[in-house]
Amino acid sequence: MTHTHTHSTAQAGNGPAGSPPGRGPVSRVPGLAVDVTTDGLPAWLDPVVGAARTVRPQQLSRFLPPESGAGRQSAVLVLFGEGERGPELLLMERSGTLRSHAGQPSFPGGALDPEDGDQATTGPLRAALREAEEETGLDPRGVQLFGVLPRLYIPVSGFVVTPVLGWWRAPSPVGVVDPAETARVFTVPVADLTDPANRATAVHPSGHSGPAFLVESALVWGFTAGVIDRIVHYAGWERPWDRTRQVPLDWRA
């Protein structure tokens, strides 16, 4: 299965097909069923399904939501598709002008809105699909949600994040919708994410270090790289890589 991607900002500002001229995209998420099912998934996703069912929060990150309940509830869409080079993940690069995580590659996602519903049940599912549509033009009707990972925490921004796993069952064109939020939208083959030549440890001047991926002319690090790293590990896709290879970050990162 192949699908079309817009990898540059040449079409910046264009919403999905059918959006009224001069207005933001009309969301297809309200009223959309947000069931979580593993029916009909490709066999290569079986290890990810198994990992999602058994992984514990402490196995994903040492940064877990505060017991006090503090933090802004949010969700990201970890979307697996199948492209010309096999299994792949959908990522975007955040605009360099944003207040938090500027310029970083990330999963589509953002904070829950009241209309997304209950944050303990379907709220994160709807938020992940809605944000993906708003940021990339993705048609959520072509996404099959098949799992939810434990909630994690991003201390620097105070977000409590639910990673929602999806299968791009019916691919749709994607690209930059709002250049104020997104610099580009791209896919990364899983084969590149598991290639030891593309792996490194990102080191921040603060002393924090974590996994990183050098793929598609981008350095994927931080929360996004951490989630990818753990999925690759617990799905059994990880290949031995040089953990002493370091990529320095600057204070603006």
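These are my entries on what I looked up.

**Ground rules.** I'm working with a predicted model, where local features need pLDDT of at least 70, side-chain atom pairs count only at pLDDT 80 or more, and totals for chains, interfaces and linings use all residues. Residues are numbered from 1 along each chain as its sequence is written, and side-chain values use heavy atoms, with hydrogens and water left out.

**Helix α1.** I took helices (H or I, at least four residues) and strands (E, at least two) as DSSP runs, numbered from the N terminus. Which residues of α1 are buried? In α1 (residues 46–54) I found Val-48, Val-49, Ala-51 and Ala-52 buried. Seen down the helix axis, the buried residues of α1 fall within an arc of 165°, so they line one face; the arc is taken from the directions from the axis to the C-beta atoms. On the other side of α1, Arg-53 and Thr-54 are exposed. My cut-offs are under 20% relative accessible area for buried, over 50% for exposed and partly exposed in between (1.4 Å probe, protein chains only).

I then checked what the buried residues of α1 pack against: β1 (72–83), β5 (143–148), β7 (159–168) and α5 (222–234). Contact here is heavy atoms within 4.5 Å.

**Cores.** A nonpolar core is a set of buried Ala, Val, Leu, Ile, Met, Phe, Trp, Tyr and Cys residues joined through side-chain atoms within 4.5 Å. The largest one has 38 residues, and Val-48, Phe-80 and Phe-146 have the most contacts inside it. Helix α5 gives the most to this core, with five residues. Leaving out residues up to four places away in sequence, Val-48 touches Phe-80, Phe-146, Leu-165, Ile-231, Ala-235 and Trp-237.

**Sheet.** I traced an open, mixed sheet of four strands, in the order β11-β10-β9-β12. Strands pair if DSSP finds at least two bridges between them. The edges are β11 (218–220) and β12 (246–248), each with a single partner strand, so one side of each has no neighbour in the sheet.

Next I looked at β9. Four of its five residues are buried, so β9 is largely enclosed by the rest of the structure. Five bridges join β9 (residues 199–203) to the antiparallel β10 (residues 209–215), with Arg-199 partnered by Phe-213 and Ala-202 opposite Gly-210. Three bridges join β9 to β12, which run parallel, and Thr-201 stands opposite Gln-246 there.
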